[in-house]
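Hi,

Here is the structure I promised to pass on.

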Amino acid sequence: MAHLGVKRATFTSRIGGLPRPFWVLFGGTVVNRLGTMVEPFIGIYLTRAHGMSVTAAGLVMAVFGAGSLLSQPLAGWLSDRFGRRITLTGGMLATAVTLVLLGSSTTVPSLVAAMFVLGVVTDLYRPASQALVADLVPAEDRPRAYGLLFWAVNLGFSIAMVTGGWLAGTGFHWLFWIDALTCAVFGALVWRAVPETRHVAAGGRGGFRDVLRDRLMTGCVLINLTYMFVYLQAYTTLPLAMTGHGLPAGAYGAAMSINGLLIVLVQPLTLGWLARRDPSRVLATGFAVIGLGSALTAFVSSTAGYALTVTVWTVGEIIAAGMAGTIVASLAPAHLRGRYAGLYGSAWSAGSLLAPLIGTRLLAADPRLLWLTTGGLGLLAALGQLALAPAVRRRAKA
């Protein structure tokens, strides 16, 4: 019986005590990410199905990035102005329609237009989801809740990468329809089973000007942008660095498969323990380990070596999981949670543009320069987060 009690306590410390609407959000996230097949394979789709050159496909994908820059602040405003539930549901349904239109586009102008709209609508759910968790979950449970959502995203995405690669061989149209269907299901689940929380949380008026006046928040956003520049090299310059060493394209997939595997298997085991630590210190530790993994990339040239560096920075990613959302929720007034999450998320969009733009130039100049620079930036982000930690703790207590 004592052994059973220990098991029950361990289970509760990891996933217990969270409200039912959160689990609807969690389940919808898994379903949605199981169908995330278009974005990872869009470059292949443009070059193979439409005969575009690599350069032309890159320009079309840059349009998606431009739309994404607008997405986060727009979603934050919509979440605070009209509600988290309607923003998340509307964003998912708009994404479903746009995916179908993109899959049926036959001209370059229609492809460009659909890619821009997709960039705007596909991530509308993020600030709404972040604000929903902050509204639904008590402060002491938020690190676990945000960590579980991170795990849900990676679980679904890992499976989607495998099934998407197989389906792409049978016909790209399947990718668009399955992705659209899972977006619609996610939106419907939230609409039917998640209550609107904005009116409960509303405590006054305000706008993005108030968010930008918050120096502590803007500091966190700048630190997150620095981190994103480091982290996103794994998806932009890392495959180029590996092929530059004469490794086959499959080597990148093999090395990166470790990332998803470790997150799915290891992260749930760490949730309870990390949730009891100071979020800023945990996040800073994650940044430092990710920077270390990036710096080690300067000294490897084999598939096994790259796999080792991926393992190192994945450990940092697991450590940091959920902590950023926890910090933002503790900084934001209840009526501005959407805008705070939107501003913080805009660092991801900006990083997705800066990472390939600057990273490829550093890689072309000297691969070691790229990886040592990103390693140093990871450490800088960690030190910055540690410097802000006392102020974050004071705000959270207040």
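I'll begin with helix 18. Its buried residues are M323, A324, G325, T326, I327, V328, A329 and L331, where buried means under 20% relative accessible area, exposed over 50% and partly exposed in between (1.4 Å probe, protein chains only). That makes eight of the nine residues in helix 18 (residues 323-331), so this helix is largely enclosed by the rest of the structure. Helices here are DSSP runs (H or I, at least four residues), numbered from the N terminus.

A word on the source: this is a predicted model, in which local features need pLDDT of at least 70 and side-chain atom pairs count only at pLDDT 80 or more, while totals for chains, interfaces and linings use all residues. Residues are numbered from 1 along each chain as its sequence is written, and side-chain values use heavy atoms, with hydrogens and water left out.

Next, a helix pair. Helix 12 (residues 215-231) packs against helix 19 (residues 337-365) at an angle of about 35°, with the axes 8 Å apart. Those axes are lines fitted to C-alpha atoms over the stretch in contact, and angles run from 0 to 180 degrees between N-to-C directions. On the helix 12 side, the residues that meet helix 19 include M217, C220, L225 and Y231; among their counterparts in helix 19 are Y340, W348, L354 and I358. Contact means heavy atoms within 4.5 Å. The contact residues split into 16 nonpolar, three polar and no charged (Ala, Val, Leu, Ile, Met, Phe, Trp, Tyr, Cys and Pro are nonpolar; Asp, Glu, Lys and Arg are charged; the others, Gly among them, are polar).

Now the rings. Rings of Phe, Tyr and Trp (its six-membered ring) pair if their centres lie within 6.5 Å, and planes under 30 degrees apart are stacked, over 60 edge-to-face and the rest tilted. By that rule there are twelve aromatic pairs. In one of them, the centres of Y231 and W348 are 6.3 Å apart with planes at 45°, so the pair is tilted. Y231 is in helix 12 and W348 in helix 19, so the pair ties together parts 117 residues apart in sequence. Y231 is buried at 10% relative accessibility, whereas W348 is partly exposed at 31%. Both also belong to a cluster of ring pairs with Y227, Y235, F287 and W313.

Last, two charges over rings (NZ of Lys or CZ of Arg within 6 Å of the ring centre and within 35 degrees of the ring normal). R85 has its charged end over W191, 3.8 Å from the ring centre, and R81 lies over the face of F82 at 5.1 Å.

Cheers

Methods: Helix = DSSP H or I, 4+ residues; strand = E, 2+ residues; numbered from the N terminus.
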